Amino acid sequence: MRLIPNRAWAATILFTAFAVLPFLAVALDDSYLVVIASRILCYAIAALALDLILGYGGMVSFGHAAYLGIGAYAVAILSRAGITDLGLHMLAAIAAAAVFALVTGAISLRTRGIYFIMITLAFAQMAYFFFVSLSAYGGDDGVTLNARSTLFGQTILEDDTALYYTVLVLLIGLYLLAVAITRSRFGRVLTGARENPVRMQAIGFSPFRYQLTAFIISGCMTAIAGVMLANQTSYVSPAFMNWHRSGELVVMVVFGGIGNLLGAVAGATIALLLEEWLAVLTEHWPLLFGLILVLVVLYSRDGLSGLFRGRR
Amino acid sequence: MSLLEVRNLRKSYGALKVTDDLDLSVEEGELHAIIGPNGAGKSTLIAQLSGQSGSDGGSVRFDGTEMMGRAMHRRVRAGMSRSFQITSILPGFTALENVASAVQARSGSSFRFFSPVAEESALNDQALAALDRVGIADRAFFNAGSLSHGEKRQLELAIALATRPRLLLLDEPLAGTSGAEADRLVEVMRGLKGAVTLVLIEHDMDAVFALADRISVLVYGRIIATGTPDQIRDDPQVRAAYLGEEEGT
């Protein structure tokens, strides 16, 4: 809460840095930079979505990769049917994610703590194996997209930089939306239910309705990330919803600092950059990454964002 | 018609009857204290009345409407609020936000996602008034978790008041408070008398006999006597079951 006046500044700096990055890529003549950065931004959207329910709602979803996959398959399935418009891909992804989140959330939210974690994981695995067995779309192998989604009938997203800026605009928009939600009446009930659900009932709220709504919003945001990630990789497979991926999303949120939204964006950025850099150093990079994660969590309860705030 | 009519209320934990065919009537506007030795089932009764725990049977009618089977939040919206024996607040929220949340619950939809709730002065003004009423307005912007125990008790009462109940169930509001804080809370309760119907569970007998219009004595899940403070003081059954233990001789 203390950093909210500073958070606007931190967000401005971070998003400005992302906005000028393609110019840097041109100057360095390194087109791969934009590709990595697009991937980072997609994951940042997913981590942001997860932080909304994990950090503010106290709901540790260990199955959020399912929504990445739902978004990605929305692109694959509609594209094959001849529908290439990005807006329609988004709508289909959001609708499918909303239904999946409504059904699985309504059941998962009957549990708490470790059971909630396990039941969200179980639902995501069910989605994973559903797509593994979907042989029309390559089953385990997935499908390669012939082309990226179109925007107003134009194929401009084929350009990596255009795709990058599209994801960036989405991220900034969703970030601002998430900030507004956490400060709204709805956000207060959501946070209150995390703090003390019995107290919220005793003042007249039924936490379940608010938690389920937040769960659906988060799922839909993650599906948007999935749509963009499919476009970025031009390839869709069940690996999008693998439980490792769900774990990575949780790691990004914890890494950046739970419950401040911008931390999730920073966490996704640093986690993926570390992955890139450490992988160059050694094939055993997960070992080093794990070590760094342990140190961050040990020495800063608020993740990386805590380091910028100094000690309490 | 009484504001609260409890008939044949039952609850057992295994073979132990915690609430045993309990009858209770609370009249509109009165302060009705419920006393009884430890383990008599007082907190269980509050939990059953508020809807926090289920009941095995019986009837709880509030203002003529059956409340059995209704969840706690729906009873609160109908006008039945409670405070907790063990302080239950939102520790990460400021004192003001704690109370403003309660105001929010009864003023309009909370499915609003865009405008900042902290800037809703209608909520904040009412919350501040409730904090002022219990004497901790100067703590409005402190984190609730950082307040002293006594201040948390005051906050607890302010939250309950902010729901604007017609019936307020107070579960040992004075538990663990210092002399000055207890005096303040007793004054607040005295000020509420008449405006809000109060059911008070309390171990502080001085406070109970000073405040109550009527007292019911709960022993082993049953009400063994109901009457004015004088009647209760002189009731031989009560003296034997409860007060007798303290006076001893």
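How much area do chain B and chain A bury between them? In this predicted model, the answer is about 2,800 Å², and carbon and sulfur atoms account for 60% of that. Three residues stand out on the chain B side: B:His73, B:Phe111 and B:Phe113 together give 22% of the area that chain B buries against chain A, more than any other three residues. Counting residues instead, 36 from chain B are in contact with 26 from chain A.

Chain B and chain A share 2 salt bridges. In one of them, B:Glu120 pairs up with A:Arg185, and the closest N and O atoms sit 2.9 Å apart. As for where the chain B side comes from, α2, α3 (95–106) and α5 (149–162) of chain B each put in at least two residues. The largest share belongs to α3(B), with 6 residues. Sorted by class, the chain B side that touches chain A has 18 nonpolar, 12 polar and 6 charged residues.

Chain B also has an interface of its own, inside the chain. It splits into domain 1, made of 1–79 + 166–249, and domain 2, which covers 92–164. Their C-alpha centres are 26 Å apart. Where the two domains of chain B meet, 17 residues of domain 1 are in contact with 16 residues of domain 2. The area buried between these domains comes to about 1,200 Å², with 61% from carbon and sulfur atoms. On the domain 1 side, B:Glu181, B:Arg184 and B:Leu185 supply 31% of what that domain buries against domain 2, more than any other three residues.

The elements of chain B that give two or more residues to the domain 1 side are α2 (72–78), β7 (167–171) and α6 (179–192). Of these, α6(B) brings the largest share, 6 residues. The side of domain 1 that touches domain 2 is made up of 8 nonpolar, 3 polar and 6 charged residues.

One element turns up in both places: α2 of chain B gives residues to the domain 1 side facing domain 2 and to the chain B side that touches chain A.

Key:
Residues are numbered from 1 along each chain as its sequence is written. Chains are lettered from A and ligands numbered from 1 in the order in which they are written. This is a predicted model: local features need pLDDT of at least 70, side-chain atom pairs count only at pLDDT 80 or more; totals for chains, interfaces and linings use all residues. Side-chain values use heavy atoms; hydrogens and water are left out. Domain bounds come from an automatic or database domain assignment. Contact means heavy atoms within 4.5 Å. Buried area is the accessible area (1.4 Å probe) that two parts lose on being put together, summed over both. Helices (H or I, at least four residues) and strands (E, at least two) are DSSP runs, numbered from the N terminus. Ala, Val, Leu, Ile, Met, Phe, Trp, Tyr, Cys and Pro count as nonpolar, Asp, Glu, Lys and Arg as charged, and the others, Gly among them, as polar. A salt bridge is a side-chain nitrogen of Lys or Arg within 4 Å of a carboxyl oxygen of Asp or Glu.
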